[in-house]
Amino acid sequence: MQGKVWVSEAFMTGYTHDTYISTFTWRYGSDAMRSIYSEEHKRKLLRQVWIALATAQRDADLVTEEQLRELIAHKDDIDIDRASEIEAEIHHDLMAEIKTYAEQCPKGGSIIHLGATSMDILDNMDAMRLKEAMALTLKNVKILLEAFIEKMDSYAEKACMAFTHIQPAEPTTVGYRFAQTTQDLVEDLKALQDVYGSIRGKGMKGAVGTSASYCELLKGTGITPFEMEAKVMDQLGLKAFTAATQVYPRKQDWRIVSALSGLCCTLYKFFIDFRILQSPPIGEWSEPFGSKQVGSSAMPFKRNPINSEKIDSLCRFVSSQSEVLWQNAASTLLERTLDDSANRRFVLPECFLATDEILMTATKVIRGMQIHETGIKRNLDTYGLFAASERLMMELGRKGANRQEMHELIRNHSLKAWSEVQEGRPNPLAASLKTDPVVLSFMTEDEVLASLDAEGYVGDAPKRTRLVIDEAKAAIGK
């Protein structure tokens, strides 16, 4: 076809690389999510809506059984080539699909879209896709939570250094670090489930939401527009908004992507922390790394956290899209404007595809990650002593020492030890405190060393980790 191509050849013959295509067409997201947002699936859903409408109108004796059977017989005969030819002439994508469908149905074609406006069909189709996409997302969140549960269970007791202000602070456990994210993921799952349960279609309400065309059409049939709408929506498995304009309230789109953005917030935080922990100076975690994987074109030794970086990059994208949808909702002037239409064609599918890629990659990383015991021990040996000195101070206080005097004594020992650590030498704090005569006047050398055991200074982190495991299992029905 010469001139403007209204539907890309990518949808008709498979994509090629000699023109721009979206990275979501081939790089990011699963085949399952791409299928939901494919042109073919979209057109099949449109036909489901038309069939549901015709079925309800058959009950009102406006459509014959023969006409309905013909529509059903051709519900999967999608012809994007033909629809594209028609659209190039008439410049209306939905009418092009109606005409294509009608050409396939000589008897039923005349009643397709009877009484409807475009958005009666498109918005109900969109709601069906949103439910399908959210269902797939919920499934993948639960799979990711299972991976986090496994890690919490394995490392609930494993002590490691915690950091505040990106500075060594006190010990925590590896499992408890996972628990922080898991707790947020459980809340994200609940928010997504709530949004999923609230997804509604426009229903069948006509050009400005008053059902005027259906009121006229159904006169004398004994069926009201409310009853016809209920029949249609029951067949589609959707609830309808009680009130709508030409479109369903665009705030629904904003709520959905805001929930996805909340999930991305949780995962962004976890994986930027992962990137810090993979840095060799800390060196406690690392991503899976293939035997032939290349980390850098210039530096052969590099093992960059490319999966975590990709996750954070895509999370930024998803979070930014809620602003577009906020504008769509806020700028729906009076009963309808069309300035949301173009961006919704890619914002909604790309947010789901990006989230899909994020969840799949996150699950792969969590399942295959390495936790380096040597790095954890090195950091505990280097920095954990400073934190454990707090416990020594409390123990000295319990044995009758003056708390303020012990604070000053330990502070002086710690400052000298920090100087040694900064020079790259082993931490001498334990050796200096266990021989301090003032300390030894209250405690034995063995008691001092026991108090300075950083691995035992994790409070109730293991118990709290187990509680989060229980909460997460309950959330995913385990």
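Colleague: What makes Asp61 count as exposed?
Modeller: The relative accessibility of Asp61 comes out at 70%. The cut-off for exposed is over 50%, so Asp61 counts as exposed. Bear in mind that this is a predicted model.

Colleague: Okay, and where is the place of Asp61?
Modeller: You'll find Asp61 in the loop between H3 and helix H4, the latter being 65–73. Its backbone is worth a look too: phi of Asp61 is positive, about 65 degrees, although the residue is not a glycine.

Colleague: Which loop does His165 lie in?
Modeller: His165 sits in the loop between E1 and E2. Those two strands form a hairpin with two residues between them, and His165 is in the turn. Phi of His165 is near 60 degrees, which is a positive value in a residue other than glycine.

Colleague: How do you know that strand E1 and strand E2 pair?
Modeller: Count the bridges. E1 (residues 159–164) and E2 (residues 167–173) have five bridges, and pairing needs at least two, so the strands pair, in the antiparallel sense. Among the bridges, Met161 has Pro171 in E2 as its partner, and Phe163 has Pro168 in E2.

Colleague: Which residues is Ala156 in contact with, leaving aside its neighbours within four places in sequence?
Modeller: Ala156 is in contact with Thr173, Gly175, Pro462, Thr465 and Arg466, once those sequence neighbours are set aside.

Colleague: What makes Thr100 count as buried?
Modeller: Thr100 shows 1% relative accessibility. The limit is under 20%, so Thr100 goes down as buried. It's a helix residue, in H6 (residues 93–104). Not counting residues up to four places away in sequence, Thr100 touches Arg47, Asp79, Arg82, Ala83 and Ile86.

Colleague: On to helix packing. At what angle do the axes of helix H3 and helix H7 cross?
Modeller: H3 (residues 39–59) and H7 (residues 118–155) cross at roughly 120 degrees, with axes that come within 9 Å. Roughly perpendicular runs from 65 to 115 and roughly antiparallel starts over 145, so that angle makes H3 oblique to H7. The crossing is right-handed. On the H3 side the contact includes Leu45, Leu46, Val49 and Trp50, and on the H7 side it includes Ile121, Leu122, Met125 and Met128. By class, the contact has eight nonpolar, three polar and four charged residues.

Colleague: Why are H8 and H11 called roughly antiparallel to each other?
Modeller: The axes of H8 (residues 174–198) and H11 (residues 251–278) cross at roughly 165 degrees and come within 9 Å. Angles over 145 get that name, so H8 and H11 are roughly antiparallel. H8 passes H11 in a left-handed crossing. Among the residues making the contact are Phe178, Leu185 and Leu192 of H8, along with Ile256, Leu263 and Phe270 of H11. The classes here are eleven nonpolar, five polar and four charged.

Colleague: And H14 with H15: how do you know that they are roughly antiparallel to each other?
Modeller: The axes of H14 (residues 373–398) and H15 (residues 403–422) cross at roughly 165 degrees, coming within 10 Å. With the cut-off over 145, H14 and H15 are therefore roughly antiparallel. The handedness of their crossing is right-handed. Their contact includes Tyr383, Phe386 and Met393 of H14, plus Met406, Ile410 and Trp418 of H15.

Colleague: What does the contact of H14 with H15 have, by class?
Modeller: Ten nonpolar residues, four polar and one charged.

Conventions: Residues numbered from 1 in each chain as written. Predicted model: local features only at pLDDT ≥ 70, side-chain atom pairs only at ≥ 80, totals over all residues. Heavy atoms only, no water. Helix = DSSP H or I, 4+ residues; strand = E, 2+ residues; numbered from the N terminus. Axes fitted to C-alpha atoms, helices over the stretch in contact; angles between N-to-C directions. Parallel < 35°, antiparallel > 145°, perpendicular 65-115°, else oblique. Left-handed = near helix turned anticlockwise from the far one by under 90°. Contact = heavy atoms within 4.5 Å. Nonpolar A, V, L, I, M, F, W, Y, C, P; charged D, E, K, R; others polar. Buried < 20%, exposed > 50% of the residue type's maximum accessible area, 1.4 Å probe, protein only.
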